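Subject: Handover of the two-chain model

Hello,

Here is the structure I promised to pass on. Please open it alongside this note. My findings follow below it.

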Amino acid sequence: MKPTMNNVKKNSKSHEGRAMNHFAQAVLRLVLVLAAFGCAHPAHFATPPGFVSIEDDAYDFRATNADGVVLGVRAMDNDPEGDLAFWAGAIDRRLRQRYEAVEVLEVEAATGTSGIQIRYQTDHGGRLHRYWATIFVHGDRVYLVEAGGDAEFFDPQVADVEEAVLSVDLG
Amino acid sequence: MLGQSDAYGGGPGEPYQDVGAATDADAMGAEVAASTVTNPPATGLAATSGEDASGDAGGTPPNLVASTVNTVTTRRGGGGDGERDPNDPIQIPDLPAPLLIYTADMRIEVPAGEVVTTIERIIEGAVSFGGYLAGRTDTSVSVRVPSRLFRESLADVEQLGDVKSRRVTAQDVSEEYHDLDVRLRNLRGLRERLESFLARATTIEEALRVQTELERVSMQIDQAEGRLRYLRSRVAFSLVTIHVNPAPVVVAPPETTVVVEAPTPPPPARLLDLPIQWLNDTGLGRLLDLT
C-alpha cells in the first residue's frame with residue numbers, strides 16, 4: 001500500500017511523539033545523574049593527621065590511625081521521620097545497654113548543623129575503650145559520626161578527633 | 001526415823017514449818033477435852049532425860065536445855081472423880097517437845113564490789129545473835145546461830161541484799177534422841193552392875209572378864225553421849241548458809257538503729273524497640289571492624 005497523505009500525517013505525528021518521549025527520558029536521566037553526583041555526595045570529614053581513609057561499603061567515610069583509633073560517618077534515612085532528640089535518644093538507649101555514658105554534649109558541625117555528642121566508655125577485650133557517637137539530623141537523613149578506640153591511644157588524640165568530628169560535611 | 005520438812009519460797013518473816021509440834025498437840029488433844037498448853041515459845045529442846053547439859057559442847061543456851069514442864073489447864077465436862085478447878089494446872093511430866101535441826105540456805109544478790117563487806121556483816125550479825133562462823137568461801141558464808149533466834153537471823157540477812165532464793169529445812173531428831181537417851185540410861189545401869197560385879201569378883205579370870213565387858217559398855221556409853229551432844233548442838237544452833245552473789249551489771253541496750261531497707265529499684269525501663277536495623281549495628285564492634 002502506498003503511503004497516502006493521511007497515512008503520512010499519521011506517520012509524521014507518530015515520529016514527533018517518539019522524539020519527544022526520548023527527549024523527556026534524556027532530561028530525566030540527566031537530572032538523576034546530577035542529583036546523584038552533584039547535590040547528594042556522601043558525608044565525610046577532614047581526616048586528622050596520622051589517619052588514613054578507608055574505602056568500604058559500611059560507612060560513607062571512615063579513617064583510622066596506626067593505633068586503631070577509628071572515625072566513621074554514615075547517613076541513614078530519617079525514617080521514621082524524627083528530630084535530633086528522637087534519634088539521639090534512640091541511639092543512646094540502645095548503646096547504654098553495653099556502654100557507660102560518660103558525657104553528653106551539644107555540638108555544632110562546621111556547617112552549622114546542631115548535633116548531640118554522647119561519649120561512652122566500655123571494657124572491650126579486657127581494655128578500656130572510648131566510643132563517641134555524634135548525631136546530626138539534616139534534611140531527610142540522619143548522620144551518625146562515630147569515633148572510638150583503645151583509651152590508651154584514643155585519649156591522646158582527643159583534640160584531633162573532636163576537630164574531625166565537627167568538620168563533618170553532611171553532603 | 002527422822003522427820004524432815006522443807007519450806008520453800010516463804011516470804012520474809014514467814015514462819016518455817018515446825019514439824020512434829022502439831023502431831024504432839026493433836027495427841028494431847030485426844031486426851032484432853034479442852035486444854036491450854038503452855039510451852040516455851042522458842043524452839044525447844046526438851047531435855048527430859050535429866051542429862052546434865054552443863055557439859056555440852058557448843059554452849060547450848062539454857063532455855064534450850066531446860067526441862068520442859070507442860071502446864072495444861074484442863075476442863076472436863078461433868079462426872080468422873082470430881083470437878084477440877086480450871087485454874088489448877090495439872091502436870092504432864094513427859095510431854096516430849098520436838099527436837100528440830102534447822103538449816104537455812106539463802107542466796108542473795110548485792111551490788112558488785114560489796115560481796116566481801118556483806119559477808120563480813122553476816123558474820124558480825126551472827127556473832128551479835130550469839131552465834132559463830134562455821135565456814136566461809138569467797139562468795140558464801142555459813143554461820144551457826146541460836147535456834148531461838150533463827151528467824152531473827154534470817155530476817156537480818158535478808159536486809160543485806162536482794163533475796164533470790166531461800167530454803168529452810170527442819171529435821172526432826174526427836175526419836176533418835178530419845179532412843180539414845182533410853183539406851184544411855186540402860187548402859188549406865190549395866191555399867192553400875194558390872195562395876196558391882198567387878199568389886200565382888202573372886203578370881204582374876206572373873207575380874208578380867210567383867211573388866212572387858214565393862215570397857216565395852218563404857219565405850220558404848222561414850223558413843224551414845226557423843227551422839228547426844230552432837231544432836232543437842234545441832235538442835236541448839238541452826239546452820240545458816242548464805243551465798244552472796246554480785247548483782248549483774250545492767251548494761252543499757254544500745255540504741256536501736258532502724259535500718260530501712262532501700263526500696264527495691266524499679267525494673268529497667270522497657271527499651272524502645274524500633275524496627276531500625278542500623279541501630280543494632282551501632283557501636284565499637286562495627287566501627288573498629290576494618291576487614
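A polar contact here is a pair of N or O atoms within 3.5 Å; within protein, one must be able to donate a hydrogen and the other to accept it. Residues adjacent in sequence count only if both atoms are side-chain atoms. Please keep in mind that this is a predicted model.

The interface

By that rule, twelve residue pairs are in polar contact across the interface of chain A and chain B, with both residues at pLDDT 80 or more. How many salt bridges cross the interface of chain A and chain B? The rule finds zero. Over all chains, however, the count of salt bridges comes to 18.

Chain A puts 34 residues into the contact, and chain B puts in 20 residues. The buried area between the two chains is about 2,100 Å². Carbon and sulfur atoms give 65% of that area. On the side of chain A, Arg74(A), Arg93(A) and Arg94(A) lose the most area to chain B. Together they make up 27% of what that side buries.

Which elements of chain A supply the touching residues? At least two residues each come from β2 (61-65), β3 (70-77), α2 (84-95), β5 (114-124), β6 (127-138) and β7 (141-150) of chain A. The helix α2(A) gives the most, with seven residues. By type, the residues on this side divide into 17 nonpolar, nine polar and eight charged.

The sheet in chain A

Chain A has an open sheet of seven strands. The order is β1-β2-β3-β7-β6-β5-β4, and the pairing is antiparallel. At the edges are β1 (51-54) and β4 (100-108) of chain A, each pairing on one side only. From one strand to the next, the twist averages 20°.

Look at the pairing of β3(A) with β7(A). These two strands run antiparallel over eight bridges. Met76(A) has Val142(A) in β7(A) as its bridge partner. Helix α4 (residues 158-166) of chain A packs on the sheet. It touches β3, β4, β5, β6 and β7 of chain A. The direction of α4(A) makes about 20° with that of β6(A).

Two local points in chain A

First, the cis peptide. The bond from Asp79(A) to Pro80(A) is cis, with omega near 0°. Pro80(A) sits in the loop between β3 and α2 of chain A.

Second, a salt bridge. The side chains of Glu152(A) and Arg127(A) meet at 2.4 Å, N to O. This pair links distant parts of the chain, 25 residues apart. Glu152(A) is in helix α3 (residues 151-154) of chain A, and Arg127(A) is in strand β6 of chain A.

Chain B

Strand β6 (residues 132-136) of chain B runs antiparallel to β7 (residues 140-146) of chain B, with four bridges between them. Leu133(B) stands opposite Val143(B) in β7(B). The link from β6(B) to β7(B) is a hairpin through three residues.

Where does Ala112(B) lie? It is in the loop between β5 (100-110) and α3 (115-128) of chain B. Ala112(B) and Asn245(B) are 133 residues apart in sequence, yet 8.1 Å apart in space, C-alpha to C-alpha. Leaving aside residues up to four places away in sequence, Ala112(B) touches Pro246(B) and Ala247(B).

Best wishes

Definitions and conventions: Residues are numbered from 1 along each chain as its sequence is written. Chains are lettered from A and ligands numbered from 1 in the order in which they are written. This is a predicted model: local features need pLDDT of at least 70, side-chain atom pairs count only at pLDDT 80 or more; totals for chains, interfaces and linings use all residues. Side-chain values use heavy atoms; hydrogens and water are left out. Contact means heavy atoms within 4.5 Å. Buried area is the accessible area (1.4 Å probe) that two parts lose on being put together, summed over both. A salt bridge is a side-chain nitrogen of Lys or Arg within 4 Å of a carboxyl oxygen of Asp or Glu. Ala, Val, Leu, Ile, Met, Phe, Trp, Tyr, Cys and Pro count as nonpolar, Asp, Glu, Lys and Arg as charged, and the others, Gly among them, as polar. Two strands pair if DSSP finds at least two bridges between them. Axes are lines fitted to C-alpha atoms, for helices over the stretch in contact, and angles run from 0 to 180 degrees between N-to-C directions.
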